[in-house]
Amino acid sequence: MNKWLKTMLFLVGSAFLTRLIPFSSLFRNLDTMIHEFGHALVTLLLSGSVLRIELYANHSGVTYSAIQDGGRAILVSLSGYLMASLFALLLFYLYSKGRHDWGLILATTVALIMLLMYVRGSFGMMWLGGFIALNGLMLVVWKKASKYYYLLLAFLTLEESVMGSLFLVYAAVVSPSRAGDASNLARMTSVPAIFWAILFFIFSLFCAKWALGLFFKRERVQPKLQSR
């Protein structure tokens, strides 16, 4: 079967199955956290300033920042979806190397930075605090369960990175002026929002294909190691 078709079918199946897990919806905000952190990080790297970040219960978010117009602003708008897809890929890469603890530490560090410095909203602050506490328990107390918890986070983040960009494509077709980052890029470049939305979607698919390849490679290697 074509590898791209396998990737799509696995993502659809994973999206369905993970929704059967209690409270899985809460963990989908990890993708939003990384998306908004991507905007904030690139803003700071380009000498801009981050005013505040909002995270919402419906898995959406917004980063308020000040940066010079032009190329810098374009890079900031590009960074959210790209960073989310790359982070999902990184989670699977770390898993393939047997370092899921590093992934949890990284996610916890990002959450702590956002909580202490940027997020100013009741839901966002509560979610970040709970996420940090749960990650701490997994790393210190529930180590045996941490691998499965990590895989849940990894798959949810991967699904959301793809589904979020796919929804952006839909939004860019139905209401181009309300397609989030794609709309911002369209205003700054005069290139239609649908172009940027499709670009984000294609990038997320490449990252998903690579990530799943790393996952299956790791799963094939583990039984061999256990049999020795």
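**Cavity, pocket, packing**

Modeller: L30, L91, G103, L104, A107, Y150 and L153 line the largest cavity. A cavity is a set of points on a 1 Å grid over the protein atoms alone where a 1.4 Å probe fits but cannot get out, and lining residues have an atom within 4 Å of a point. This is a predicted model, where local features need pLDDT of at least 70, side-chain atom pairs count only at pLDDT 80 or more, and totals for chains, interfaces and linings use all residues. Numbering runs from 1 along each chain as its sequence is written, and side-chain values use heavy atoms, without hydrogens and water.

Colleague: What volume does the largest cavity have?

Modeller: About 30 Å³. Volume here is the space filled by probe spheres set on the points, with grid points joined across faces, edges and corners.

Colleague: Which element gives the most to that lining?

Modeller: α5, with three residues. Helices are DSSP runs of H or I, at least four residues, and strands are runs of E, at least two, numbered from the N terminus. By class, the cavity lining has six nonpolar, one polar and no charged residues. Nonpolar is Ala, Val, Leu, Ile, Met, Phe, Trp, Tyr, Cys and Pro; charged is Asp, Glu, Lys and Arg; the others, Gly among them, are polar.

Colleague: Where does the largest share of the lining come from?

Modeller: From α7, with nine residues. The classes are 13 nonpolar, 18 polar and seven charged.

Colleague: Switching to packing. At what angle do α6 and α7 pack?

Modeller: About 135 degrees, with the axes 7 Å apart. Axes are lines fitted to C-alpha atoms over the stretch in contact, and angles run from 0 to 180 degrees between N-to-C directions. The pair is therefore oblique; under 35 degrees is roughly parallel, over 145 roughly antiparallel, 65 to 115 roughly perpendicular, and the rest oblique.

Colleague: And how do α3 and α6 pack?

Modeller: At about 110 degrees, axes 12 Å apart. That makes α3 roughly perpendicular to α6. N29, L30 and M33 of α3 meet F123, W127, L128 and F131 of α6, contact being heavy atoms within 4.5 Å.

Terms used: On a 1 Å grid over the protein atoms alone, a cavity is a set of points where a 1.4 Å probe fits but cannot get out, and a pocket is an open set with protein on both sides within 12 Å along at least five of seven lines; lining residues have an atom within 4 Å of a point.
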